[in-house]
Amino acid sequence: MAEEVKVTTVEEILENTTIADVYKAAKQLDGVAKKTKLIESPFFSDLCGNNVYLKPENLQNTGSFKLRGAYNKISQLSDEEKKIGVITASAGNHAQGVAFAAQRLGVNAVICMPATTPLLKVEATKAMGAEVVLHGDSFDDAYAKSLELQKKKGYVYIHPFNDKQVLLGQGTTALEIIDQLKDVDAILVPIGGGGFASGVALATKAVNPHVKVIGVEPEGAACMENSFARGQVSSLSFVETVADGCAVKTPGDLTYAFCKKYLDQIITVSEMEIMSALLSLIEKHKLIAEGAGVLSLAALNKLPFKGKKVAAIISGGNIDISTISALIDKALIARGRVFCFSVLLPDKPGQLVNVAKIIADNNANVIKLDHNQSKVTDSFKKVELEITVETNNHDHIQKLTKALNDAGYDVVKVF
């Protein structure tokens, strides 16, 4: 009678994983992953009343922390497994991590990505020699496709988050933070499927259990918070967020267990908070990040303490120009830095000049103007003027609006 193969349970993995495993991963990554340096941020410190230090994993090789876990996993495969090749699913950053590790280790890689993945991430993954298969609208769709191909071809699966070796690799980020800031009080880490948060929380608590580890999720994809609330791994019916790297419907059973044990808190942030954090990072630190990359920054104002040393991890910076332009535009509108409005004018000479003078007198700058008579269908004697202006803030917008109202113009906000 053949000997029964024992299947390791989630509980056994959780119980038997120690800080020694994280240090082993750090050794594997020595000379592969950059030890990104903390950046003290006076701006974000003043904003939240804590001493904030940025951990810029957007400056990592491949532009994201993801290569840590991918390389740690693939480097420990057997020669036979490496010969077979690897497959994974990813919204982008894990894809590049796997492609980078596979290329460096001489392993063939197939990556399944959502069809909605930004072109920058797709092309960067292909450039590192991986075969890319685009499928579906979310990570979960791409994941299902990758399982189908794995079963068909026999590839070794490299899960983007629900894997012990992957989360151990991600946990090396925490070791670097604590090494550089030994008296850190709290670490903020984004949550997608939970692998990054699991590794960071495990490593942090093992080194210093007094350091708080706070996970951050977008409100439109808060799969871990949803699972915590239900007391078990649960799926969201849909996800919608500018933080596409965290657009995950279902956390892993392994990552759920690690986060449940080691995380102190989960904070959710709105789309506008994410976009505002992105704009602030660009303006104040001249650093580019993606939506998921600034989740930790977006949560700073929601911390339940003041006067502490806080490390906020910027998890990635892979974002294409068109996307970042759209996000910046929305953030400017949300801050009152851009104001678009329309007014109806009598169709006679001099009216446009009058409006332009009021705008100039109130120190707003016109960036777009549409003077269109055909938009007014109930009168042949009026013309609609739609104007987009640069403003300082919402108070400035109110001042400009009042000035136009006082001059007899009815202002209709467009955005």
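This is a predicted model: local features need pLDDT of at least 70, side-chain atom pairs count only at pLDDT 80 or more; totals for chains, interfaces and linings use all residues.
**First stop: Phe238 and its surroundings**

Phe238 lies in the loop that runs between α11 (223-230) and α12 (253-262). Although Ala221 and Phe238 are 17 residues apart along the chain, their C-alpha atoms are separated by 7.8 Å. Now show Gly220 and Lys249: these are the residues that Phe238 contacts once its neighbours within four places in sequence are set aside.

**Second stop: the largest pocket**

The space in the largest pocket amounts to about 340 Å³. By class, the lining of the largest pocket comprises 9 nonpolar, 5 polar and 4 charged residues.

Move on to Ala26, Lys35, Thr172, Leu175 and Glu176. The second largest pocket has a volume of about 270 Å³. Among the 15 residues that line this pocket, Ala26, Lys35, Thr172, Leu175 and Glu176 are the closest to its centre. The greatest contribution to the lining of the second largest pocket is that of α9, with 6 residues. The lining of the second largest pocket contains 7 nonpolar, 2 polar and 6 charged residues.

Thr173 counts as buried, because its relative accessibility is 0% and the cut-off for buried is under 20%. Display its contacts as well: leaving out residues up to four places away in sequence, Thr173 touches Lys55, Glu57, Arg68, Phe196, Val200 and Ile313.

**Last stop: α2 against α4**

Finally, select α2 together with helix α4 (residues 66-75). How do the axes of these two helices cross? The axes of α2 and α4 come within 9 Å and cross at roughly 90°, which means that α2 is roughly perpendicular to α4. To see the contact itself, show Ala25, Gln28 and Leu29 of α2, which meet Leu67, Arg68, Tyr71, Asn72 and Ser75 of α4. The residues of this contact of α2 with α4 divide into 4 nonpolar, 3 polar and 1 charged. Arg68 of α4 takes part in this contact and is also one of the residues that Thr173 touches.

Notes
Residues are numbered from 1 along each chain as its sequence is written. Side-chain values use heavy atoms; hydrogens and water are left out. On a 1 Å grid over the protein atoms alone, a cavity is a set of points where a 1.4 Å probe fits but cannot get out, and a pocket is an open set with protein on both sides within 12 Å along at least five of seven lines; lining residues have an atom within 4 Å of a point. Grid points are joined across faces, edges and corners, and a volume is the space filled by probe spheres set on the points. Ala, Val, Leu, Ile, Met, Phe, Trp, Tyr, Cys and Pro count as nonpolar, Asp, Glu, Lys and Arg as charged, and the others, Gly among them, as polar. Helices (H or I, at least four residues) and strands (E, at least two) are DSSP runs, numbered from the N terminus. Contact means heavy atoms within 4.5 Å. Buried means under 20% relative accessible area, exposed over 50%, partly exposed in between (1.4 Å probe, protein chains only). Axes are lines fitted to C-alpha atoms, for helices over the stretch in contact, and angles run from 0 to 180 degrees between N-to-C directions. Angles under 35 degrees count as roughly parallel, over 145 as roughly antiparallel, 65 to 115 as roughly perpendicular and the rest as oblique.
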